[in-house]
There are 2 protein chains.
Amino acid sequence: MATLGAQRKHKVTVVGSGNWGTTMSKLVAENVKANPNLFDQTVQMWVYEEEVTIPKDSRHYDPSNDKPQKLSEVFNRVHENVKYLPNITVPSNVVGNPDLVDSCKDSTILIFVLPHQFIPRVCDQLVGKIMPFARAICCTKGVDVSEKGIRLMSEAIGMSLSIYCGALSGANIASEIAQEKYSETTVAYDPPPMDSRAPTPKGSPTASQVDLISPSKPVPSARSARLKALPNEYPPLSHENVRKLFHRPYFHVRMVSDVAGVSLGGALKNIIALAAGFVDGLGWGDNAKAAVMRVGILEMVRFGKEFFPDSVHTSTFTEESCGVADVVTSCMGGRNFRCAKMAIERGESIFEIEQKVLNGQKLQGTSTAYEVNTFLKSQGLEQEFPLFTAVYNILEKNVRPEDIPELIEPKA
Amino acid sequence: MATLGAQRKHKVTVVGSGNWGTTMSKLVAENVKANPNLFDQTVQMWVYEEEVTIPKDSRHYDPSNDKPQKLSEVFNRVHENVKYLPNITVPSNVVGNPDLVDSCKDSTILIFVLPHQFIPRVCDQLVGKIMPFARAICCTKGVDVSEKGIRLMSEAIGMSLSIYCGALSGANIASEIAQEKYSETTVAYDPPPMDSRAPTPKGSPTASQVDLISPSKPVPSARSARLKALPNEYPPLSHENVRKLFHRPYFHVRMVSDVAGVSLGGALKNIIALAAGFVDGLGWGDNAKAAVMRVGILEMVRFGKEFFPDSVHTSTFTEESCGVADVVTSCMGGRNFRCAKMAIERGESIFEIEQKVLNGQKLQGTSTAYEVNTFLKSQGLEQEFPLFTAVYNILEKNVRPEDIPELIEPKA
């Protein structure tokens, strides 16, 4: 039914080749093989080229050829990302391509799996070089929050490239999914109605020119841009068909329409994980930890509804993998949780832990807590988000972790 | 405002003196002291009398008096339940009373904190002996499920005594609350409109005569019985005032109206904890565990809405302590979770674990899984609850734990 009359197939590019990008390529490649009527059988994976030396303990180590080689060449020869996802064989229909524009140029589906900070410059290079009716899915977690407003990664991609961009987020650890351990994810995909007669937008802004989405003064988003409809020769990109691209027996996908909620979940959970770590570090037990998680999920809901009232549904946070399940996973053993717990147990600040344990690398939770607090202050809404505000104030040593119950105590 | 014109105060009895009952007495006693305009300053605690010998390591051990003594007498002398909640001092305004009827006879608020199986016979002894306009709160988790239907503990109490009965449930471990470690709970309280002129109902059924609530043929519940309104001399038992009886700085209370949802949460979570234990025992990691928890919470919602459509709200399970937080706690370290995990790791059945580790005591999760399955089968609804059904089938060795992802895979 879905492909009735469709003469063309969707071609897929995974933009990114780290451990999450390579994992995504693997599962997407399995799915294009399982759905040959919908998808072109070759998946392109853009590889940020670098020289790699195959380690001696790799099954691909060859003593007669142990000089540095190009990562993309090694990948295409051994079908394994020896540097970022070792010991996992990726299907041979994934082609590593070091040329960004070439890897994307005739694809109708672009899956972005890049570190946060690379997204603007990669998008800038692709402006005008992709199919005008392509669709994107952003698998990078996090949002840009500042005093001016909140910018979703998906919005940054979509506006920069003048295409629709959805989001994928869930309780997902790349290496576990690569090993085909069971997990779930949430894909948000909700393209607005598009005018099939509309010309390709010209002079699209670059990612760096894209304004922030301020809650007080929303700027035109990708939704209101003129997006080009998918030609009829292609199978429709319905929820059903998008799901077929990601869903695997070991990777269960639920489709939703709330892109903002899915994106916020992946960012705000890190603040909650810090709070859970503080409480656990005090030795207060699992009830206290569960309470902090519950309060945190409801603050996520409030945050989403306050700043994205047209898009966000409560259920995205309370019922989907990108919400409750990702919070649970992050608060059971994630890095933010573990470092916050360690800080309390050792009587050190979390910044000392970042220095000592993470070699100065910043936790996502600490930066998100500061960014969100700056934004909430600018909106005069700190009091409406007592847990997020408490985490910030604990980091700033304005309050103690022991004060959390009092600070988040609901008023009668 | 709330007490304007009220000349009398509410007297409270805690029916039960185990570790949870004693903990409840402690916190309620603290709250009646904090709210002298609402509550009588003495809290009665019904003590199931038994002879106790104070252990040598107790701070109340007296070598000159180490013979067995009555539990209630020891309690009233040392203000500690030396047998069931040692080392916790209970305020001296709690009076241990071994006479059930005497402890309840002039109380307007009865808090039931008894083991499940004692509730019917205790209620039978109280019929006609309590104030006709008393209100009850049931703190015992669990529901009675059989082929015939589902009976909530609160309904059994309410119908037996012809009074209104709410429910309290949450991510609560008595000993942690007794130590004033922070946690949360949910109190469901939603009395129907009552006729203040109605006479006291005569010839109330005994608990054993109370019919089960069958989803196919609902029987008159306490809601439709003629309940006697609280006389105007008493402060109203609004959500605000009920909350004042339970809420403490270390024990945060959220009030809801969904008694069925709160009651179901405390029972069904144990099935989910078994599933989480199976998956964790397979070494599948935190993502898999979080996925099972998420799916389980949504099956709770479906179960509640299917069988208690007039009462149950999704948010009771997804947003309250009695739902999501209790599931989280139970799946982090509860007994059902630990035994299920151990069964998989050791390659033994959970019944062998019950024998070896619990000395033959049954896990709540296993009996609830069987009861719920019997009921679902009778309704022809096994397929609508794939996780609950999978747990039953794993216990029955009809399927393997490894099959869980396939069994709960959502259809596109």
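**Exercise 1.** Find the salt bridge between the side chains of Arg294(B) and Glu184(A) and state its N to O distance.

*Solution.* Start with the criterion: a side-chain nitrogen of Lys or Arg within 4 Å of a carboxyl oxygen of Asp or Glu. Arg294(B) and Glu184(A) meet it at 2.6 Å, N to O. Across the interface of chain B and chain A, the rule finds two salt bridges.

The model is predicted: local features need pLDDT of at least 70, side-chain atom pairs count only at pLDDT 80 or more, and totals for chains, interfaces and linings use all residues. Residues are numbered from 1 along each chain as its sequence is written, chains are lettered from A and ligands numbered from 1 in the order in which they are written, and side-chain values use heavy atoms, leaving out hydrogens and water.

**Exercise 2.** Determine how much area chain B and chain A bury between them.

*Solution.* Buried area is the accessible area (1.4 Å probe) that two parts lose on being put together, summed over both. Here the figure is about 3,800 Å², with 61% of it on carbon and sulfur atoms. On the chain B side, Tyr182(B), Asn287(B) and Arg294(B) lose the most, together 21% of what that side buries.

**Exercise 3.** Give the strand order of the open eight-stranded sheet in chain B, then its edges.

*Solution.* Strands are DSSP runs (E, at least two residues), numbered from the N terminus, and two pair if DSSP finds at least two bridges between them. The order is E5-E2-E1-E6-E7-E10-E11-E12 (chain B), with mixed pairing. Strands E5 (94-97) and E12 (251-256) of chain B are the edges, each pairing on one side only.

Terms used: Helices (H or I, at least four residues) and strands (E, at least two) are DSSP runs, numbered from the N terminus.
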